[in-house]
Amino acid sequence: MDNKKYILVAMVAAQIILPANMIFQRENVLRYGLTYRFETAPVDPYDALRGRYVVLSVKNRSFEYKGGKEVVDGQTVYLLLEKDSDGYAYIKDILLQPPRLRNYIKTKVSYKRGNQLYFDLPFDRFYMNEYKAPKAEELYRKFSREGKKDGYVLVRVLNGAAVIEDLYLGGKPISGLFDN
Amino acid sequence: MKKTSAIRWLYQELPSLVREGVLSDDAAQRIKQYYGDVGSKNKIQLALTIFAIIGAIWIGLGIILLFAHNWDMLSRLQRTLLAFLPTIISSGFVCFAVIKNKQSVAMREGFGILNMICVGATISLITQIYNISGDISSFLIAWMLITVPLVYLLSASLPALFYLICITLWAGMSQYEAGQAVLFWPLSAIIMPYYIKNVIKRPNASQWLSAAIFLCYTVAIGLCLEQVLPGLWILVYSAYFAAMYLTGTWWSDKVSSLWTVPFRKLGIIAIVVLAHILSSYWPWENIGWYNYHKSVQYVSWAGLFDYVVLIVAAFFAVYFLIQTVKRRKDFEAAFGAIPIVAVFGLALGGGGKHSHLSGWLFSAYLLSLGVISILTGVRERRLGITNIGILIVAMVIFSRFMEFEIGIITRAVVFIFAGACFLAANVALSKKIKGGENG
C-alpha cells in the first residue's frame with residue numbers, strides 16, 4: 001500500500017504541476033515578453049470559425065530562405081522578428097539553431113515552394129464565447145480585407161515562445177467591440 | 001471471496017457429475033442454491049459499472065458547461081483557478097478510492113475515467129484561456145502520461161483502454177506532423193504488466209482489452225513503420241497476425257478463457273484480409289532492396305525499429321506455429337503459415353519482373369485456406385468454419401474472375417451458380433450435423 005501512496009501522490013502532483021507549468025510559462029511571456037503587432041490576413045469564411053475560436057491568419061508568415069542547408073517540411077526553425085515603419089512585425093531572418101536573443105519565435109516549417117518557406121505560427125486562434133463568435137468572424141473579415149491595415153493580433157514574444165495578448169480590430173480590442 | 005470463474009466451472013461440471021452418479025440431482029441443486037446465480041450477479045455488476053461510468057462522464061461534462069456559461073465575465077486569474085477544479089475534485093475521488101482500498105469495480109472504473117476526462121478538461125481550458133494553438137499530439141501524450149498511473153492505482157481497465165486508444169491516436173498525429181511515432185511501443189508497454197496480471201486474475205474480463213490491443217497494435221504498426229525498405233510491411237503484418245492468432249489458439253487450448261477470443265477471431269479475419277490483399281499484384285511492385293529509400297524524409301535510425309518489430313513478431317509466430325504443428329492442429333497451422341508464404345512470395349517475385357507470380361501464390365494459398373476450412377468444418381461438423389471456407393473460396397474465385405473481360409450475363413450466371421452451391425453446401429452440412437446428433 002505504501003508504494004501505491006507514493007505513486008498516488010506523484011500522479012496528483014503531476015496532474016497539478018503540468019497545467020500550472022503551462023500557465024507559468026505563458027504568464028512569464030505576457031509579463032516580460034516584447035510586444036509585436038502581426039497584421040491579420042483574410043481567411044476563408046468557412047475556416048474563419050471553428051467551434052468557439054476565430055481562426056487567425058497573419059501576413060508576412062513566409063520567408064525566402066537562401067541558406068545552404070536543406071530545410072524540410074516539419075523542421076524546427078527560429079524566426080528573428082523585426083518591426084517595419086508602421087510598427088508591424090515581419091520576419092527578418094531564419095535560423096536553424098536558437099539564437100541568444102529574446103526577439104525570436106520557435107516554430108516549424110509548414111511547407112515550402114522553392115526557396116520560399118511558410119510557417120505555422122503559434123498564434124493561429126483566438127477563443128471566443130460561442131454566441132459572440134459569429135459577430136467576431138464578421139468583424140474579423142471586415143477589418144482584414146486586402147489593402148486594409150485595420151486588424152492585428154498583439155503578441156508577446158520571449159525566448160522562442162509567443163502568447164496572444166489580444167486581437168485588435170479597427171484599433172480596438174475585440175472584447176471592447178462587444179461591450180459597446 | 002468467491003471466485004466467479006471457479007463457480008462457473010463447477011456449474012459446467014455438475015451435469016456430468018450427476019450423469020456419472022458422483023452427485024445426486026438433489027445435491028447438485030443444493031450446490032447451485034448455495035453459490036447462487038453467477039450470471040445475474042455479473043450482469044448486475046456490469047450494469048452498475050456502466051451506470052457509474054456514464055454518471056461520471058455526465059458529471060464531468062456538466063461541470064464544464066457550468067463554467068462555460070459565465071466564462072466571459074471572469075478574469076484570467078479566476079478562469080485559471082476554475083480550470084483546476086475538475087482535476088482537484090476528481091483526484092480527491094481517486095485518493096479516496098485508493099486510500100480506503102475500495103473493491104467496488106463500478107467505483108474504481110468510474111473514478112478512473114472521471115479523473116482522466118477531468119485532467120483533459122483542465123488542460124483544454126488552459127489552452128483556451130491562453131489561446132494556445134496546435135500541437136494536439138503534445139497535449140495528448142502529456143495528458144496520457146499523467147493519467148496512466150490510474151490503471152495501476154485503481155486496477156481499472158477502462159483507463160487502460162482509453163490510454164491505448166489515445167496513444168494510438170497520438171502515434172497517428174505524430175507521424176502526420178513528421179514526428180516519431182516509434183515511441184508508441186515503449187508507451188504501450190506501460191500497461192502490459194496490468195494486462196498480463198488481469199489476464200491471470202480475471203481472464204474472462206479481459207476481452208475488451210485484448211481486442212483493443214490487437215486493433216491498436218495493428219494500426220500502430222502501419223503508423224510506426226518507417227518503410228525505409230519498401231515491402232517490409234508484408235513480412236511484418238503477416239508475422240504479427242500469425243503471432244496473434246496462434247497465441248490465441250494455443251492459450252485457448254490450455255485454458256478455457258474469454259481473453260483469447262479476440263486474438264483468435266480478429267486474427268483469422270486479419271489473415272484472410274491480408275492474404276486477399278497480397279493476392280493482388282500491386283503490393284509486390286517496387287519493393288525490395290533495389291528500392292531502398294534514402295531520401296531525407298526517411299529516418300534511417302527509426303527504420304531499425306521496423307526490423308525489431310519484425311524479429312519479435314516473427315519469433316512468436318514461428319514459435320507458436322511449431323507448437324501448433326506438434327499438436328497436429330492442421331486448421332490453425334494453415335492460417336498461421338502466412339508469414340512463411342510471404343517469405344516465398346518475396347523470394348519469388350517481389351519488386352522484380354515476376355511480381356505477378358507472388359500474387360498468384362497468395363491466391364493459391366487463400367484457396368487452400370478455404371478448402372482446408374471446408375474440410376475441417378465437415379469433419380468436425382462445425383457449420384461456421386465450413387461457411388468461412390466457402391466464403392474464402394468464393395472470394396478468391398470472384399477476385400480472379402473480375403480481372404477478366406466477361407459479359408454481364410455470364411457474370412450473373414456465375415454468381416447465381418456460386419450462390420446456389422453455397423446454399424446447397426449449407427443445407428447438406430446442416431442435415432449431416434443433425435443426422436449425427438440424432439445418432
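**View 1. Polar contacts between chain B and chain A.** In this predicted model, 7 residue pairs are in polar contact between chain B and chain A, counting pairs with both residues at pLDDT 80 or more. On the chain B side, the elements that put two or more residues against chain A are α4 (76–99), α5 (105–129) and α7 (149–153). Helix α4(B) gives the largest share of that side, with 10 residues. Sort the chain B residues that touch chain A by type and you get 20 nonpolar, 11 polar and 3 charged.

**View 2. The salt bridge across the interface.** The partners are Arg76(B) and Glu27(A), whose closest N and O atoms sit 3.0 Å apart.

**View 3. The contact between chain B and chain A, residue by residue.** Chain B brings 34 residues to the contact, and chain A brings 34 residues as well. Putting chain B and chain A together buries about 2900 Å², and carbon and sulfur atoms account for 67% of that area. Over in chain B, the residues that lose the most area to chain A are Tyr130(B), Asn131(B) and Leu153(B), which together make up 22% of what that side buries.

**View 4. Chain B on its own terms.** Chain B has 19 helices and 0 strands. Of its 439 residues, 44% count as buried. Take the contacts in chain B between residues at least 6 apart in sequence: 72% of them join residues at least 24 apart.

Note on methods:
Residues numbered from 1 in each chain as written. Chains lettered and ligands numbered in written order. Predicted model: local features only at pLDDT ≥ 70, side-chain atom pairs only at ≥ 80, totals over all residues. Heavy atoms only, no water. Helix = DSSP H or I, 4+ residues; strand = E, 2+ residues; numbered from the N terminus. Buried < 20%, exposed > 50% of the residue type's maximum accessible area, 1.4 Å probe, protein only. Contact = heavy atoms within 4.5 Å. Buried area = accessible area lost by both parts, 1.4 Å probe. Salt bridge = Lys/Arg side-chain N within 4 Å of Asp/Glu carboxyl O. Polar contact = N/O pair within 3.5 Å; in protein donor to acceptor, adjacent residues only side chain to side chain. Nonpolar A, V, L, I, M, F, W, Y, C, P; charged D, E, K, R; others polar.
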